[in-house]
Amino acid sequence: IFLYGKSHKGSTRPVNPVAEAIINRYRIPGQAAPSAEDVQWRTYLRSVNEAALCLQEEIIANPVDGNIGLIFGIGHCPQRGGPFQFLDTYGCQNFVDKMRHYEETIGFRFEPAQIVMDYAKSGNKFMK
């Protein structure tokens with residue numbers, strides 16, 4: 001959102017007025033900037049939800065493929081075991097509750113995948 005050029009090298013860069021206008025157009029009055037932890041949750045939950053949607057829509061054959069794909073494909077933390085291991089560890093119901101919270105406050109992008117809601121209801125685990 002900053003202007004870059006030789007004249008600004010080494011100094012404070014001015015804000016691009018076009019970018020600032022776009023930000024101001026979508027800014028919600030009175031809404032505080034999200035905390036770093038909140039940004040981390042929002043980003044991570046969306047990636048886990050996308051992995052669940054891939055399983056739901058049969059883009060991947062099983063949860064192991066999803067775990068391996070995210071670990072080797074985008075660098076998901078291997079110590080955590082992948083998105084489906086996270087769902088089993090964190091709990092599908094906790095995941096759904098957190099997604100619903102963001103869905104209410106931010107919007108439809110945080111609608112939890114149906115497969116995760118089904119697993120939350122049944123108590124099943126993705127990794128057997």
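Helices α1, α2 (36–56) and α5 (92–105) each supply at least two residues of the lining of the largest pocket. The model is predicted, with a mean pLDDT of 90 for the protein, and 95% of the residues reach 70 or more.

**Largest pocket**
- The space in the largest pocket comes to about 340 Å³.
- Its lining consists of 14 residues, and Q31, A32, A33, P34 and R42 are those that lie nearest the centre.
- By residue class, the lining holds eight nonpolar, two polar and four charged residues.
- Rolling a probe the size of a water molecule over the atoms is a way to show where empty space is left.

**Overall fold and dimensions**
- Along the sequence the pattern reads α-α-α-α-α-α.
- Taken along the principal axes, the C-alpha atoms fill a box of roughly 60 × 35 × 25 Å.
- Buried residues make up 29% of the 128 residues of the protein.
- Of the contacts between residues at least 6 apart in sequence, 48% join residues at least 24 apart.

**Helix α6**
- Helix α6 spans residues 114–122 and has the highest mean pLDDT among the elements, at 98.
- Five residues of α6 are listed as buried, namely I115, V116, M117, Y119 and A120.
- These buried residues pack against α2, α4 (83–90) and α5.
- In an α-helix there are 3.6 residues a turn, so residues three or four places apart point the same way.
- After α6 comes G123, which has a positive phi near 80°.

**Residue N67**
- N67 is located in helix α3, which covers residues 63–73.
- N67 counts as buried because its relative accessibility is 6%, and the cut-off for buried is under 20%.
- Leaving out residues up to four places away in sequence, N67 touches G81, G82, P83, F84, Q85 and M127.

**Confidence**
- The lowest mean pLDDT among the elements belongs to helix α1 (residues 17–26), at 89.
- Where pLDDT is low, the predicted coordinates should not be read in detail.
- For the protein as a whole, 95% of residues are at a pLDDT of 70 or more.

Conventions: Residues are numbered from 1 along each chain as its sequence is written. This is a predicted model: local features need pLDDT of at least 70, side-chain atom pairs count only at pLDDT 80 or more; totals for chains, interfaces and linings use all residues. Side-chain values use heavy atoms; hydrogens and water are left out. pLDDT is the predictor's confidence in each residue, from 0 to 100. Helices (H or I, at least four residues) and strands (E, at least two) are DSSP runs, numbered from the N terminus. On a 1 Å grid over the protein atoms alone, a cavity is a set of points where a 1.4 Å probe fits but cannot get out, and a pocket is an open set with protein on both sides within 12 Å along at least five of seven lines; lining residues have an atom within 4 Å of a point. Grid points are joined across faces, edges and corners, and a volume is the space filled by probe spheres set on the points. Ala, Val, Leu, Ile, Met, Phe, Trp, Tyr, Cys and Pro count as nonpolar, Asp, Glu, Lys and Arg as charged, and the others, Gly among them, as polar. Buried means under 20% relative accessible area, exposed over 50%, partly exposed in between (1.4 Å probe, protein chains only). Contact means heavy atoms within 4.5 Å.
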